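Let's take a walk through this protein together, one element at a time. Have the sequence and the 3D view at hand as you read.

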Amino acid sequence: MDKIHIEGLEVFALIGVYDWEREHQQRLIVDVELCADLSMAAQTDNVDNTLNYAQIAQGIKDFAAKSQFKLIEALASHMVDWLLQSFPMLKKVRLKLSKPDILANAKNVAVEFTKEQTL
Ligand SMILES: Nc1nc2c(c(=O)[nH]1)N=C([C@H](O)[C@@H](O)CO)CN2
């Protein structure tokens with residue numbers, strides 16, 4: 001299946017279980033794999049015939065900025081649902097959400113969800 005990848009997208013969200021975490025938005029990183037038929041875009045060379053990755057990246061940033069979940073699982077899962085609903089051309093989405101600045105002795109902590117279109 002054809003894929004568009006957006007890697008290392010920095011977003012900010014109010015996230016976390018503890019009160020001290022909820023005073024400011026925290027930095028998160030999104031890696032997303034967008035599965036869709038890209039053959040029409042390849043043939044026509046027209047951005048109207050594809051998933052515009054700039055529009056999707058901005059949508060992900062806006063979604064995160066408006067969210068108020070406690071767990072990264074909840075934010076990631078709702079983000080995938082929003083992508084599938086907003087972009088019917090998507091067949092499948094795999095999304096990894098990282099919270100890189102939270103664990104003192106680890107480089108990263110992340111969750112990953114994969115969901116398919118139900119439309
Ligand atoms: N599986 C998870 N575990 C934890 C989460 C989370 O989102 N998913 N969050 C926290 C705290 O908010 C953490 O970021 C700070 O200790 C703890 N465990």
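Predicted model: local features only at pLDDT ≥ 70, side-chain atom pairs only at ≥ 80, totals over all residues.

Residues are numbered from 1 along each chain as its sequence is written.

Let's begin with the sheet. Its 4 strands form an open sheet in the order β1-β2-β3-β4, with antiparallel pairing. Because β1 (3-13) and β4 (110-116) stand at the edges with a single partner strand each, one side of each is left without a neighbour in the sheet. On average, neighbouring strands of this sheet are turned by 15 degrees against each other, direction ignored. Helices (H or I, at least four residues) and strands (E, at least two) are DSSP runs numbered from the N terminus, and two strands pair if DSSP finds at least two bridges between them. Axes are lines fitted to C-alpha atoms, for helices over the stretch in contact, and angles run from 0 to 180 degrees between N-to-C directions.

Now follow the bridges across. Antiparallel strands β1 and β2 are joined by 9 bridges, and here Glu10 stands opposite Ile29 in β2. Moving on, β2 and β3 pair in the antiparallel sense over 7 bridges. Ile29 has Ser98 as its bridge partner in β3, and Val30 has Leu97. Strand β3 (residues 92-98) is in turn joined to β4, again antiparallel, by 7 bridges. There, Ser98 is partnered by Ala110 and Leu95 by Phe113.

Which helices pack on the sheet? Helix α2 (residues 53-66) does, touching β1 and β2 (26-35), and its direction makes about 30 degrees with that of β1. Helix α3 (residues 72-86) packs on the sheet too, touching β1, β3 and β4, with its direction at about 150 degrees to that of β3. Contact here means that the C-beta atoms of two residues, placed from the backbone, lie within 7 Å.

Let's stay with α3. In this helix, Ile72, Leu75, Ala76, Met79, Val80 and Leu83 are buried; a residue counts as buried if 20 or more other C-beta atoms lie within 10 Å of its own, exposed if 12 or fewer, and partly exposed in between, with C-beta atoms placed from the backbone. These residues cover an arc of only 130 degrees around the axis, which puts them on the same side of α3. The arc is that of the directions from the helix axis to the C-beta atoms. The buried residues of α3 pack against β1, α2, β3 and β4.

Finally, look at Asp2, in the segment before β1. Is Asp2 buried or partly exposed? Asp2 is partly exposed, because 14 other C-beta atoms lie within 10 Å. Asp2 and Cys35 are 33 residues apart in sequence, yet 5.8 Å apart in space, C-alpha to C-alpha. Leaving aside residues up to four places away in sequence, Asp2 touches Ala36, Asp37 and Leu38.
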